[in-house]
2 protein chains.
Amino acid sequence: MLIIHASQLLTLTKQPQRGTHLGHLGIIPDGAVHIVDEHIAEVGTSSDLLAAHPHEPILDAGGRVVMPGFVDPHTHLLWAGDRAAEFEMRLQGKTYLEILQAGGGILSTVRATRAASVQALVDENRPRLQRALAHGTTTIEVKTGYGLETQAELRMLSAILQLDAELSIEILPTFLGAHAIPPEWRANPEGYTDHLCGEMLPAVASWWSEHASGRPLPFVDVFCETGAFTLAQSRRILEKAKSLGFPLKIHADEFDNLGGASLAAELGAVSADHLVATSKHDIEALAASDTVAIGLPCTPFGLAEAHYTPAQDILAADGLLALATDCNPGTAWCESMQFAIALGCRYMKLTPAQAIAAATVNAATAIGRADVLGSLSAGKQADLLILNVSDYRHLGYRFGTNLVETVIKKGVVCA
Amino acid sequence: MLIIHASQLLTLTKQPQRGTHLGHLGIIPDGAVHIVDEHIAEVGTSSDLLAAHPHEPILDAGGRVVMPGFVDPHTHLLWAGDRAAEFEMRLQGKTYLEILQAGGGILSTVRATRAASVQALVDENRPRLQRALAHGTTTIEVKTGYGLETQAELRMLSAILQLDAELSIEILPTFLGAHAIPPEWRANPEGYTDHLCGEMLPAVASWWSEHASGRPLPFVDVFCETGAFTLAQSRRILEKAKSLGFPLKIHADEFDNLGGASLAAELGAVSADHLVATSKHDIEALAASDTVAIGLPCTPFGLAEAHYTPAQDILAADGLLALATDCNPGTAWCESMQFAIALGCRYMKLTPAQAIAAATVNAATAIGRADVLGSLSAGKQADLLILNVSDYRHLGYRFGTNLVETVIKKGVVCA
């Protein structure tokens, strides 16, 4: 298949997009892409590719932007139940404690998710993944972490594998048993940390080798934050995971600066995520490493908070920056990377070009897949979007609607 | 047609929704609506209406919210060209003056709109109106104001009438010749005010009587703001418009408090819009009148500004509050009332119920059409939405995507 006449073909082939180099879109005007099966065979101008392949079926993107599919590298998209009532209580001025007493907060999602079968999880979450795909996300990271006990966490992994097999969108799973201290361990966080290291992580590794048909191990992630896991507990969990061969991620500095970003850099994590209260020292440690800093602007937006990831400081330090939705039922139910871009422009002061690079090639780096995803050149996976606009800057400029007209995943038009 | 099995049928029949009474949704669980031709014949429970009308064709909304179509009472949705380049310049730190010197700002839209034919305006704006409809807006106010000379303004009115006739979405036009001082009058704003009162308003009234097939006159609106029209100029224009029989609207206090809200109340305007820098005195004057206060949260969001309409103060004073998108090419290209609701909840501290009432029944009041729009009861126009959620609070709670599954306008499924 030939996609032709893109007003702007965004190739994003310059890598890494680190520091002030973020935002090189590699635009080919009147661009074209030759797709063979699941992969890109060639990228160039429409006239060159039409001359070289005169008999290929044609998809005319006339006057529209063509770009790589979005990669969403941080979501909690798999859950049961919802928290609309809690959202309303917050707006009515109810305190965190009153919401907890009314049965709200993350543990209400844990209760609902623990009670759900694999099939119920699959059915409840399918529309969210379809919505993400329709908004241009062709690859998505999805975390566990609402089970917080071995069997419930394994059911979440099982649902993720089933949804990945069923749907066009590609899912990379993350084990987040360290999302919160579960209620039955509330008085003994150290005990739960021991349990995670001694029982749950080995159980996940073993289950994975039996059920995941040779796929690489999922990421292991920890919520390193006041009220969740301390820096020392986070280190124990991540070091254990690393020793078992898991690639690593971390939630760091969403509210307090505990040092999680430096830990991520030291351990070679693929990403450190949130990074709102991050210190200058931690930003420098991160920037000196290959760990990607992931900004999650939907979360402060969802909570109407004023503080966002200090993207300009990360770029000034020569860091790698990506964007993600953080889609979750408590603070940010949003499946659209386009909206994360609109927020990134306004509240992290990214240009549209920088935000697009952060949502594609750098987001692919943040899940360890930049070798095949997030850019358009020969050999890359044919994951592409056609936008119903002629200029890429409409991403960011416009908000609240969906500018994606056509989604192509592994060479197949799927939305 | 019978729509049945709405999990929640939001009727919004309590009127007026003033002050602390804002947010009465009038919910019927397992609700049903009987539609005959363009109107609602009856509203009730599914069992009652199924028993009363056993042979009607059925639309099963099983488990979904059914509610009135959104009314968007303030947009500048008709324009030519775009300002994506200007958005990027602002993010790169360019000043207002640098943007003006590079040909940006409102006058760039005026140049492009003056150069466009009626047909070009129709073709360029059709997709925006279709997008608004797909996001649940069944009635929309659209302003002129990018012509700023008689013939160009009349071409905008002509395009609005043509689009209203062509599309399912219903359009109420507003003449906003007083949107900005046009370049050829820059040195003489008083002269342009004279021209507006002496030439343009009579020309619009005369053109309307010849071309609008007996429709009521459009609204007349003024941008009362530092750098646009003074309070005295605004008064002259609005008083002249009133004497010609036009219903009135005003842009007041977006940046500076000039007294426009009190002027609107004094002259009996249907609405006063923006209201960010509004004084306590002006809020009280507004609340003591029947003029609706319209909050436009997409605008400060689009500009990443911190100040929003003080909705709680307006409600505490017993005022009438509505929401609108302000969709425009400079500060807020957003066609989705759902997103205005999400912002209203977060930045104006409205509950989802209050924001929904502000976006339906009160928005209908803000265009003088609450007699037939914005609520669901016998005799009202059959403008309804089916949302793909079971609880109305998902509006507000979720953001960046479209929760509207089916749009019904005048009894016809149209999106």
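How many Å separate the centres of domain 1 of chain A and domain 2 of chain A? Taken over C-alpha atoms, the answer is 29 Å. This is a predicted model, where local features need pLDDT of at least 70 and side-chain atom pairs count only at pLDDT 80 or more, while totals for chains, interfaces and linings use all residues. Residues are numbered from 1 along each chain as its sequence is written, and side-chain values use heavy atoms, with hydrogens and water left out.

Let's start with the bounds, which come from an automatic or database domain assignment. Domain 1 of chain A takes in 2-69 + 373-413, and domain 2 covers 70-365.

Now look at where the two meet. With contact meaning heavy atoms within 4.5 Å, 35 residues of domain 1 of chain A touch 34 residues of domain 2 of chain A. About 2,700 Å² is buried between them, with carbon and sulfur atoms giving 64%; that's the accessible area (1.4 Å probe) the two parts lose on being put together, summed over both. Pick out Arg18(A), Leu22(A) and Lys409(A): they supply 25% of the area that domain 1 of chain A buries against domain 2 of chain A, more than any other three residues.

Arg18(A) turns up again in a salt bridge with Asp290(A), the closest N and O atoms being 3.1 Å apart. The count between the two domains is two salt bridges, each being a side-chain nitrogen of Lys or Arg within 4 Å of a carboxyl oxygen of Asp or Glu.

Conventions. Chains are lettered from A and ligands numbered from 1 in the order in which they are written.
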